[in-house]
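Colleague: Could you walk me through this model, please? I would like to take it slowly.

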Amino acid sequence: MLTWRGFLRGNIAYRATADEVTIGSPSVYAATHQFGATKGNIPARPFLGLSDEDQDAISRIVLKALDDATTAP
């Protein structure tokens, strides 16, 4: 249901600096879905974030890029 129409996915925004990337959504109900709410007993249904597999893949990509940059002729 959360991905049926893609409203949350279509409103994901990011801000990148030299040191970090922040990802979020300006949608009013995004925080309720991400973290849940005690009012109404709404469970968390996270839609942002990285799985362990994603984190491992990103680490491999970054480490390879760093290795390539330091071993280039």
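Colleague: How many helices and strands does the protein chain have?

Modeller: The protein chain has three helices and two strands, where helices (H or I, at least four residues) and strands (E, at least two) are DSSP runs, numbered from the N terminus. Read along the sequence, they follow the pattern α-β-β-α-α. This is a predicted model, in which local features need pLDDT of at least 70 and side-chain atom pairs count only at pLDDT 80 or more, while totals for chains, interfaces and linings use all residues. Residues are numbered from 1 along each chain as its sequence is written, and side-chain values use heavy atoms, with hydrogens and water left out.

Colleague: And what does the C-alpha trace span along its principal axes?

Modeller: The trace of the protein chain spans about 60 × 25 × 25 Å.

Colleague: Changing topic, where is glutamine 34?

Modeller: Glutamine 34 sits in helix H2, which covers residues 30-35.

Colleague: Why does glutamine 34 count as buried?

Modeller: Glutamine 34 counts as buried because its relative accessibility is 16%, and buried means under 20% relative accessible area (1.4 Å probe, protein chains only). Across the protein chain, buried residues make up 8% of the 73 residues.

Colleague: Which residues does glutamine 34 touch?

Modeller: Leaving out residues up to four places away in sequence, glutamine 34 touches Ala44, Arg45, Pro46, Phe47 and Leu48, where contact means heavy atoms within 4.5 Å. For the protein chain, among contacts with a separation of 6 or more, 18% come from residues 24 or more positions apart.

Technical notes. Buried < 20%, exposed > 50% of the residue type's maximum accessible area, 1.4 Å probe, protein only.
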